[in-house]
Amino acid sequence: MTSTLTISHLTKSFGGVKALSDVSLHVAAGERVALLGHNGAGKSTLMKVILGLIAADSGEISVCGAAPGGAAARAKVAYLPENATFHSALTGLEQITYYLRLRGENTSEAMALLEKVGLGHAAKRRIGTYSKGMRQRVGLAQTLIGHPDLLVLDEPTSGLDPVSRRDFYALLDRLAAEGAAILLSSHALTEVEARTDRLLILSGGQMVATGSLPDLRREAALPVAMHVTARKGYDADILAALPNAIRVGGALHLTCSQEDKLGTLAQISGLKNKVTDIDVIPPSLEDIYSHFSRRDGQ
Amino acid sequence: MIARIVATAITEAHIARRNLWVLIAVVLMVVFSLVLSAVGSAPSGGLGADRLSITVASLTSLSVYLVPLVALLMSFDAVAGEVERGTLPLLLTYPVARWEILAGKLVAHTGILVVALVAGYGAAALIAVVGDPAAAAGVGALWRLTWTSALLGATFLGIGYALSSLARRASGAAGLAIGLWLGLVVLYDLALLAAVVADDGGIFTTQFFPAALLANPADAFRLFNLTASQATAAATGIGAAAASIALWQSLVSVLCWPLVALGLATLAFRKVQP
C-alpha cells in the first residue's frame with residue numbers, strides 16, 4: 001500500500017518548549033488512523049504542521065508526495081479544525097459555495113454536500129443561527145469537496161449527537177473505501193476503537209504507542225480484574241482460596257495478569273458451590289490509553 | 001487565480017451587504033455630499049466658476065477625510081476578524097494564495113466604495129447641474145474626482161488590511177486604523193504647515209515639502225485634483241503652498257499607492273501564523 005502521509009523525525013518547539021519531538025508516522029491510502037492524546041499533547045500542532053500552517057523545526061514530511069502547505073499538497077488535503085467556525089453573516093450554502101469555488105469545483109454541488117451532512121433544510125439560513133453541531137457539519141461538508149486524498153480531522157465528532165456520530169463514521173468508511181487516507185484526533189475513545197484501523201498515542205510531544213487496539217492491549221499487558229460474588233457465608237473460604245482477593249462491598253475483587261487469567265478462572269470455577277457469580281473485566285480502552293500516555297514521565 | 005479572487009470578492013460582498021456596510025457607506029457619502037453642496041453653494045457667484053466645479057472642489061476636501069475613514073472602517077476587521085473568529089486556519093489550508101485572499105477582499109470593498117462615491121457625488125452633482133445650466137463644464141472634474149477617490153479608497157483599504165494583519169485582534173486593529181487616519185489625514189498636514197511656517201522659505205519648503213506631500217496618499221489625491229482643475233488658487237493652506245508640484249508627479253503617487261498598499265498588506269498578512 002502506498003503511503004499518503006509520511007512523517008519522519010519531526011521536531012517542533014515554541015520558544016524553547018518542545019511541542020513535538022522526534023515524531024514519526026505514516027498513514028496509507030484507505031487507512032483510518034486515530035490520533036489520541038491529552039490536551040496539550042501536541043495533536044493540533046502535529047496537524048497544523050501536516051497542513052503547512054506552521055513550519056517544522058526539523059524532520060521530513062511528505063503529504064501526497066509533496067511538501068506540506070504547498071499548492072500541490074493543499075489541493076489534495078482537506079481539513080476540519082477543532083470547533084469549526086465560519087462567518088456568521090453567511091448562509092451555509094454561501095459558505096460551501098465559496099469553498100467549492102476556491103477548489104475550482106462546480107458550485108452546483110453545494111446543496112448536495114449540505115444534504116449529505118443533513119443540513120439541506122438549513123442551507124439558506126445564516127450560520128449565525130446554527131447550533132454547534134450544525135456548524136461542525138458545515139465543517140464536515142467542506143472536507144468532502146473534490147475527493148481529497150488525505151483528510152485531517154481535529155476532533156471531528158465533538159458537538160455531534162450520537163446519531164450524527166454514527167452517520168459521520170459511515171461517511172468516513174465510504175471515503176476510506178474510495179482510497180482516502182484519514183487522520184483524526186478524538187477524545188471519545190470507545191468511538192475510535194470501533195471505527196479506525198490504527199491508533200497513535202501522543203504524549204508530551206512524543207509518539208508513545210502505535211498499533212491496532214489488540215496490539216496495544218497486548219503490549220500494555222495490563223491486569224485483568226475479576227469480581228466474584230460469594231454464596232452467603234462462604235466469603236472466608238473464598239478469601240482463603242484466593243489470597244490476593246480483597247473484599248469491596250458485598251463482592252470480592254481480585255486482579256491477575258493476562259497469562260494467569262485462565263488459571264485463575266479455573267481456580268474460581270473449582271469453588272463453584274461457594275460462588276454465585278463472576279464478572280471478568282478486561283482493561284478498558286481508557287486504561288490502555290492512560291497506561292501509554294502516563295509512561296515517559298507524564 | 002482570477003476565479004479564486006472573484007470567489008473571495010463574492011463572499012465578501014455577501015458579508016458587507018448583511019453587515020450593512022454598503023448601506024452605511026452610501027448613507028455617509030450621500031449625507032455629507034448633500035450637506036457640503038448646500039453649504040458650499042453660497043459663495044459660488046463671486047468666483048466666476050461654474051457651480052459643479054465649485055462643488056467638486058468642496059467634495060475633494062471632504063473626500064480627503066471621509067474616503068480614508070470609510071475605507072479603514074471597512075478593512076480593519078479583514079484579517080484580525082478572521083483570526084479572532086478562528087476562520088483563518090481553515091481558509092489557509094485551501095489552495096488559495098494569501099495575496100489572492102486580500103485581492104478578493106479589495107475588489108469587493110472597493111466596489112462598495114465606488115457605489116457609495118457614485119451615490120454621494122451623483123447627488124451633489126445633480127443639485128449643482130439643476131441650479132446652474134453652465135455646470136456641465138465641471139463634468140470632467142467630477143469624473144476625475146470619482147476615479148481618484150476610488151484609488152484613494154483602495155489605498156486605505158490596503159493599509160487597513162496591513163494594520164489588521166499586524167494587530168491580529170480586531171480591537172487593536174481599530175485603534176491602529178483610527179490612529180493612522182488621524183496621523184495621515186489630519187496631523188500630517190498640520191505638521192507640514194507648521195514646518196513650512198517655521199522654515200520660512202528655506203531648504204525644507206523647497207526640497208523636502210513637495211516630496212512629503214507626494215508621499216502621503218491623501219495629500220497626493222488632493223494635490224492632483226486641485227492642480228488638474230486649476231483650483232489651487234481657490235484652495236487654502238497646503239494646496240496653495242504646493243502649486244509648484246507638477247501634475248504628473250501627483251498622478252504617479254495616486255496611481256502607485258493602491259499597489260504599494262496591497263503589497264504592504266500582503267507582506268504583513270504573510271507574517272500572520274494561524
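Predicted model: local features only at pLDDT ≥ 70, side-chain atom pairs only at ≥ 80, totals over all residues.
Chain A contains 11 helices and 13 strands. Its radius of gyration is 24 Å, well over the 19 Å that the globule rule gives for 298 residues, so chain A is more spread out than a compact globule. Along the principal axes, the C-alpha atoms of chain A fill a box of roughly 75 × 45 × 35 Å. Of the 298 residues in chain A, 40% are buried. Contacts across the sequence were also counted. Among contacts in chain A between residues at least 6 apart in sequence, 69% join residues at least 24 apart.

The largest nonpolar core has 150 residues. Within this core, A:Val152 and A:Leu200 have the most contacts. The surroundings of A:Leu200 can be listed, leaving out residues up to four places away in sequence. On one part of the chain, A:Leu200 touches A:Leu25, A:Val33, A:Ala34, A:Leu35 and A:Leu36. A:Leu200 also touches A:Met207 and A:Thr210. A second core is separate and has seven residues. Among them are A:Met226, A:Val228, A:Ala230 and A:Leu252.

One helix pair in chain A was examined in detail. Helix H8 spans residues 213–220, and helix H11 spans residues 285–294. Their axes come within 10 Å and cross at roughly 65 degrees. The crossing of H8(A) and H11(A) is left-handed. From H8(A), the residues that take part are A:Leu216, A:Arg217 and A:Ala220. They meet A:Ile288, A:His291 and A:Phe292 in H11(A). By class, the residues of this contact divide into four nonpolar, one polar and one charged.

Chain A also meets chain B. The contact joins 23 residues of chain A with 20 residues of chain B. Three elements of chain A give two or more residues to the side that touches chain B: helix H2 (71–76), strand E5 (77–80) and helix H3 (92–102). H3(A) gives the most, with five residues. The side of chain A that touches chain B has 15 nonpolar residues. The rest of that side is made up of four polar and four charged residues.

Terms used. Residues numbered from 1 in each chain as written. Chains lettered and ligands numbered in written order. Core = buried A, V, L, I, M, F, W, Y, C linked by C-beta atoms within 7 Å. Buried ≥ 20, exposed ≤ 12 C-beta atoms within 10 Å, placed from the backbone. Contact = placed C-beta atoms within 7 Å. Axes fitted to C-alpha atoms, helices over the stretch in contact; angles between N-to-C directions. Helix = DSSP H or I, 4+ residues; strand = E, 2+ residues; numbered from the N terminus. Left-handed = near helix turned anticlockwise from the far one by under 90°. Nonpolar A, V, L, I, M, F, W, Y, C, P; charged D, E, K, R; others polar. Rg over C-alpha atoms; globule rule 2.2 N^0.38 Å.
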